[in-house]
Each structure stands twice: as C-alpha cells, then as structure tokens.
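Trainee: Could we go through this model together, beginning with the ligand and then moving on to the sheet and the helices?

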Amino acid sequence: MTSRYFEDAVPYLVAPDELSSFTAGEPSYRAEQLRDWLYRTPVLDVEQMTNLPASVRERIGPNLFPFAVEAEQVADSGRTRKWLFRAGDGVAIEAVLMGYPERATLCVSSQAGCALACTFCATGQFGFQRHLEAGEIVAQVAYARAFLRQVGMPNTPDRLTNLVFMGMGEPLANYRRVREALRRIIDIGGMSARAVTVSTVGVVPGMLALADEPWQVNLAVSLHAADDELRSRLVPLNRRYPLAEVERAAANYFAKKRRRVSIEWTMMAGVNDDLGQADKLAQIAQRLRAHVNLIPLNPTPMSSETASSPTAIRAFLDRLTSLGVKVTVRDTRGKDIDAACGQLAASRL
Ligand code: SAH
C-alpha cells in the first residue's frame, strides 16, 4: 500500500533506529550520523549534513522535513515567529517561536485541528482534521532548533530552552504519538524534560498515563472555570471528565512527579472573571499547590466572548494573591499575526 505521505522517503517519519534505509550500501555508523543530524544538531538543509556522503544526502533530497514551510510571519521586533507548515497530505501545522533574553520557547501543535470544541478557541472552532505523527511533532522542534542556531533571533539564546504543547490540538488526545515525540525529543534529542510542558484541557486517562512515564515534564491544565456548570459550557469535554476527576488526576501527577502543576485560565469578560470564580479557583489551586496562569482572551473569529478588562484581571489576580495563590498573567506575544494563545487555526489560511 502506498503510504499517505510517502513516509519512507522522509527521515523524520521513519523511526530513529530505522534510518539505515537512507544509508544502504554505507557503513552502519552513517545511520547514526544521520540520526544525530535529525535529532541532536538539526539543520535546515540536508546539504548542511557535511559528514554524510553526497549519495545519502541525495536520497533525502528536498524531503528533509515532513512538511513545506508555506508561510512565516514575524512580530514583536523579530522575537515572535509563526510558521505555517504544510504536510504531505495538505494539512496545515502551525508552530510559534518566542525569543526572550534568557530563553527561547517553542509552542508546537499536536493535531491538525482539534475535536474538543472549547467555545473560545480558534482551533476548536475549525474542527478536527487528524492527529499529527510523532515525526511531524519532532520536526517542528527540529526546525526551530535549526532556525535558532543557523538564523537566530535578536537578543535570544541560540538554542531552544523551552517547549510547550500549546499549539493546535489536544496532546493527550493523541497520546501514543505525543509520547513517542517526547521520547525522541528528550531521550534522543537531549532536551531536558523539565523544560517541556504538556498542556491539556483535562483528558484524564492521558493525565494518568503521563504521570507514569519516565520523564519529569510539566503538566498544565486548562481549567477556565471552577464549577462544573460553567466549565461544561466552555469546555464540552468537562461533561465526560468533570472537575473533580481532572483535579484528582492533576493531584496524582503532582504526587508522582513532584512537579508543580499549572492551571491555565483564559479570562473572558463577564464569564469567568468574577471574584466568586476566583475564590473557587483558589481552593483548587491551594489543594493542588498549583501555579495559576491567567491568559487574557485573544479574540477569535467565531467566539462571542470578549477579553476581560485590565481592571478585572487585576482584581482577579489580587484576589488569588490575597488567598495565597501564586499567579502570573501570560504575556500575549504575536497577537497581531494571530500567533497568540488560542488563535492558531491554520486550516483557515
Ligand atoms: N488543548 C490543550 C493545548 C492547546 S491550547 C489545552 O487546551 O490546554 C493552549 C492554551 O491556550 C490553553 O490553556 C487554552 O485554553 C488557551 N486558549 C485557547 N483559546 C484561547 C483564546 N482565544 N485566548 C486565550 N487563550 C486561549
């Protein structure tokens, strides 16, 4: 059977220990050299794999990445960059790289689209297309790492310091492939697990499974509401995995990993920014010893919600702080290029 996107001709879509298919007729260390180029010191162009013979480079040709770079948008004086990658079967994959003086953070997609339909999220509004392959996730990381080293961003380290699964899709609904991507990124690529954050809207089985994996990755839980009535309206998945179950799975994660879980809360005017919600959220955060991350809503094409006012955000933050909860407000990079939280919905482009 012909594969959907000619996997066997694209190195990132081949398992890292099966790369000898690209080095046939060459000594076995060639496959290891290729693996290092893909996972340890990634490059933007196969011609930069200087220690590989031309015959091997030719076999890879223009198919180094499992996607074409269709568009690139830049904001924040060159320190936010959004890539629109086009996969072999035509689906769009978006990733956003954010540079800071002391870190460089990449936000990757784990699915093309999303089936979970959170009301305020652009990806959810455009529906689900398919899961991304492990190699398609790893290739987003490799591309950004190569970009930082070979092109660079102003006033930003030349290596990727942080990775967040907060782009399109629900990573824990694509568990097997996300797990394999983590294995390649951490165990083969050498990235520190503690620099990786998986964000979930509360896929409880995935949260429980992740707690039993060998890596100390961070878990972020997108809560947005502190009672089931409101949460089920904003996050339909809450009807399947209600708050108490999500909280229990988050507590289990903290207990097993001793990694502080973070709670994400997208702030919507008149919806979830009242002090009643703050009080209930504080109780959950206290029990979990979680850190709360407030995200001012970014407008999306089809949502009716609007962003909380700075005054409302301040009051909400002050209330949480006064109740002893650690809170930060997320800075919204890339708003003007639709690269901010919840705005990635590449199918529309
Ligand atoms: N499915 C995962 C990861 C992707 S979303 C999850 O839900 O956690 C990453 C974060 O952006 C989540 O906290 C999500 O709730 C938030 N988000 C989604 N839409 C948003 C919007 N329009 N404005 C601000 N944040 C949004």
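**Ligand, sheet and helices**

Mentor: A backbone N or O atom of Gly-169 lies 3.0 Å from a nitrogen atom of the ligand, a polar contact being a pair of N or O atoms within 3.5 Å. This is a predicted model, in which local features need pLDDT of at least 70, side-chain atom pairs count only at pLDDT 80 or more, and totals for chains, interfaces and linings use all residues. Residues are numbered from 1 along each chain as its sequence is written, and side-chain values use heavy atoms, with hydrogens and water left out.

Trainee: Which residue has a side chain with an N or O atom 3.2 Å from an oxygen atom of the ligand?

Mentor: A polar backbone atom of Cys-341 is 3.3 Å from a nitrogen atom of the ligand, so to speak of a side chain we must look elsewhere. The side-chain N or O atom that is 3.2 Å from a ligand oxygen belongs to Glu-264.

Trainee: Which strands stand at the edges of the open sheet?

Mentor: The sheet has ten strands in the order E1-E2-E3-E4-E7-E8-E9-E10-E11-E12, with mixed pairing, where strands (E, at least two residues) are DSSP runs numbered from the N terminus and two of them pair if DSSP finds at least two bridges between them. An edge strand has a single partner, so one of its sides is left without a neighbour in the sheet, and this holds for E1 (67–75) and E12 (327–329).

Trainee: In what sense do E1 and E2 run?

Mentor: Ala-71 stands opposite Leu-84 in E2. Eight bridges join E1 to E2 (residues 80–87), and the two strands run antiparallel.

Trainee: Which residue of E7 is the bridge partner of Thr-105?

Mentor: E4 (residues 104–107) and E7 (residues 162–165) pair in the parallel sense over three bridges. In E7, the partner of Thr-105 is Asn-162.

Trainee: How is H6 oriented relative to H8?

Mentor: The axes of H6 (residues 204–211) and H8 (residues 243–257), lines fitted to C-alpha atoms over the stretch in contact, come within 9 Å and cross at roughly 5°. Angles under 35 degrees count as roughly parallel, which makes H6, relative to H8, roughly parallel.

Terms used. Axes fitted to C-alpha atoms, helices over the stretch in contact; angles between N-to-C directions. Helix = DSSP H or I, 4+ residues; strand = E, 2+ residues; numbered from the N terminus. Parallel < 35°, antiparallel > 145°, perpendicular 65-115°, else oblique. Polar contact = N/O pair within 3.5 Å; in protein donor to acceptor, adjacent residues only side chain to side chain.
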